[in-house]
Amino acid sequence: MSPVMKFVLCLLISTLSLTTFGQTETNALSKSEQTAQIQLKKAEKYINNNLDSAFYFAKKAAQKLHELSKVELKAEILFMLGDIYKSKGQLVIASNKYYEAKKLIDNAALESPNNQGLKLLKVDILVKIGSLNIQLQNFEKSLGFYEEALKVVEKLGSKVPKAKLAKRKLKLYNNIAVVSLNQKDFETALIYFQNALESNQIVNDLGIQSSLLNNIGICYLEKKEFDLASHYFQQSLKIRKANSDKQGQAQVLNNIGKNEVFKGHFQLASDYFSKALALSREIGSKESALISLQSLSLVQDTMGNYQASLRYFRDYKTLNDSIFNAENRIAIVQLEENYKRENEKKIYELKLQKNEAERLKLRFRNFTLLGILVLMLLSALLFIIVMRGRIKNAKFEEEKLKLEREKLELEHRTLQESLEFKERELTANALYLLKNNELITKISDNLLKAMSSFDKENQQAIREIISELRANQNNNVWDEFEMHFTKVHAQFYPALQERFPNLTSNEKKLCAFLRLNMSTKDISAITQQSVNSITVARSRLRKKLNIEGEDVHLVNFLMSI
């Protein structure tokens with residue numbers, strides 16, 4: 001296997017989630033709002049070259065939040081804080097800020113459903129949450145947010161200025177292209193990037209232009225058209241240098257480094273990665289630093305510089321664990337679930353208020369009618385009173401039954417959400433632990449294969465490194481996975497054993513992965529088997545489970561056990 005073939009890197013793809021400031025005339029703002037907007041503009045100035053300074057001014061703006069009345073300005077402050085925390089690698093806090101902004105916008109939209117400015121803000125926050133999910137590699141979930149945002153944009157049509165709508169469209173086109181790029185659908189990605197470029201002709205934003213050029217370069221890199229990729233990367237780098245966008249420069253330098261790797265220029269690639277790492281550390285961007293450290297570890301390993309490779313790997317692992325550990329992922333999922341429940345509760349309370357208003361209106365009408373009837377005919381009074389009592393009792397019983405039905409539906413939905421959350425938690429933990437072990441095993445194997453080429457006096461040092469790496473492995477990964485899986489699905493294994501006693505241990509593991517609705521690609525990544533091998537194993541499993549005909553889906557069958 002050639003050095004390039006075994007060299008695997010992540011690409012730093014630019015998602016667009018920019019905030020447009022100055023939507024309100026300065027003379028229409030209060031003194032506190034003017035101060036907050038000034039601090040916000042200063043934060044925007046520094047966000048691409050000095051995250052600590054950007055964070056300082058954003059926090060100064062946030063100190064005025066409780067004094068502000070304009071929802072747009074409050075949301076923009078929360079947007080900025082979320083963007084900064086995201087760049088610093090503090091994804092849980094970033095997610096918290098984004099959902100705090102979303103809650104603020106949604107509540108305001110309930111009171112002013114026809115406010116076009118709030119609808120634009122809703123598009124912005126959906127784009128930001130979608131971008132955060134791309135960083136967490138939740139591509140299907142991010143696509144759901146973008147599709148929801150596109151629906152809002154399409155409904156706005158000509159109701160808002162053309163430039164504002166074009167800016168939202170190009171963000172969405174770019175980010176949908178990013179999802180397609182991560183899913184290896186390069187032709188679709190290029191179509192969306194070209195659509196974004198066309199929209200940017202209206203907006204004429206050089207920062208966005210540089211991001212789109214960087215992303216198009218990534219497309220051509222993945223298609224192995226390295227000269228075209230280099231052309232677009234250099235164009236993007238030129239714009240970002242002119243704009244003093246250090247964060248953007250670090251992104252492009254990492255991508256240029258990978259391009260040089262595939263061209264076989266390993267030392268040149270290492271130089272680009274080192275420049276990217278220096279810029280990332282200068283501005284405090286953990287997102288870019290993570291890519292640079294992983295890239296340097298792998299390129300030094302390819303060049304045979306194993307001590308340097310190990311040093312970079314340790315720095316990468318420490319930083320990666322601080323950002324993408326299982327606790328952070330679970331905390332973000334919990335934030336999403338809490339927001340969903342709060343939103344449902346708000347809608348339910350509004351419905352109750354509406355029903356109460358209707359009921360009061362009906363009572364008032366009945367009393368008015370009663371007064372007229374009393375004047376017209378005293379003898380009809382007793383009849384009306386009796387009928388009103390019966391109607392009231394019937395409505396009370398109907399309302400009681402309705403509330404009980406809604407309560408049962410809410411309890412059922414809560415139980416279902418709890419089960420789904422536990423399954424997601426189980427899958428996230430399994431992926432994290434198993435992938436961590438596989439990475440350590442791969443590095444250990446590479447060192448073991450290369451050990452014979454070292455001098456005998458160095459071989460003992462290599463053995464110690466291998467021992468240290470393997471000591472960090474969790475040898476009970478499957479046992480832990482199986483223990484948590486059994487807690488969630490206590491009857492699955494006994495039922496499977498009773499119906500199909502001839503299943504092997506590996507086949508039972510495959511059944512567990514499929515029961516969690518994991519894709520063939522994910523199972524392949526965890527078990528380090530090819531996608532073809534997993535496909536063959538699934539076919540054999542169907543035969544052992546006596547499943548005949550394509551109309552019976554294997555995953556649905558296992559979920560029914």
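Predicted model: local features only at pLDDT ≥ 70, side-chain atom pairs only at ≥ 80, totals over all residues.
The protein chain is built with 23 helices and zero strands. Its 561 residues include 45% that count as buried. The accessible surface comes to about 29800 Å², with carbon and sulfur atoms supplying 53% of it. Contacts across the sequence can be judged by their separation: among those between residues at least 6 apart, 66% join residues at least 24 apart.

Helix 3, residues 71-87, has 17 residues and should span 24 Å at 1.5 Å a residue; the distance between its end C-alpha atoms is 24 Å, so expectation and model agree. Most of helix 3 is covered, with 15 of its 17 residues buried. After helix 3 comes G89, a residue with a positive phi near 85°. Helix 4 covers residues 91-111, and its 21 residues reach 31 Å from the first C-alpha to the last, close to the 30 Å expected at 1.5 Å a residue.

Burial along helix 4 can be read residue by residue. The buried residues are L91, A94, S95, Y98, Y99, A101, K102, I105, D106 and A108.

L290 lies in helix 13, residues 286-302. With a relative accessibility of 8%, L290 falls under the 20% cut-off and therefore counts as buried. Between L290 and K317 there are 27 residues of sequence separation, while their C-alpha atoms are 8.7 Å apart in space. S309 belongs to helix 14, residues 306-324. S309 is also counted as buried, because its relative accessibility is 8%. Once residues up to four places away in sequence are set aside, S309 touches S297, Q300 and D301. A separation of 134 residues in sequence lies between S309 and I443, yet their C-alpha atoms are 9.9 Å apart.

Which elements give two or more residues to the lining of the second largest pocket? The pocket itself has a volume of about 800 Å³. Its lining is made up of 22 residues, of which R359, K392, K395, F396 and E399 are the closest to the centre. The elements in question are helix 15 (326-376) and helix 16 (381-450). Of the contributors, helix 16 gives the most, with 13 residues in the lining.

Most residues other than glycine have a negative phi, and most peptide bonds are trans. Against that background, S244 has a positive phi near 55° without being a glycine. S244 sits in the loop between helix 10 (226-242) and helix 11 (246-262). Its relative accessible area is 43%, so S244 is partly exposed. N517 is another residue other than glycine with a positive phi, here near 60°. The loop that holds N517 runs between helix 20 (505-515) and helix 21 (520-527).

V552 counts as partly exposed because its relative accessibility is 32%. Leaving aside neighbours within four places in sequence, the contacts of V552 are with R542 and I547. The C-alpha atoms of V552 and R542 are 9.8 Å apart, and ten residues separate the two in sequence.

Are C219 and C511 buried or exposed? C219 has a relative accessibility of 0% and so counts as buried. C511 is buried too, with a relative accessible area of 0%. A disulfide is a covalent bond between the sulfur atoms of two cysteines. With a cut-off of 2.5 Å between cysteine sulfur atoms, the count of disulfides in the model is zero.

Terms used: Residues numbered from 1 in each chain as written. Heavy atoms only, no water. Helix = DSSP H or I, 4+ residues; strand = E, 2+ residues; numbered from the N terminus. Expected span 1.5 Å × (residues − 1). Buried < 20%, exposed > 50% of the residue type's maximum accessible area, 1.4 Å probe, protein only. Contact = heavy atoms within 4.5 Å. Areas by Shrake-Rupley, 256 points an atom, 1.4 Å probe, with all protein chains shown as cover. 1 Å grid on protein atoms, 1.4 Å probe; cavity = no way out; pocket = protein on both sides within 12 Å on 5 of 7 lines; lining within 4 Å. Points joined across faces, edges and corners; volume = space filled by probe spheres on them.
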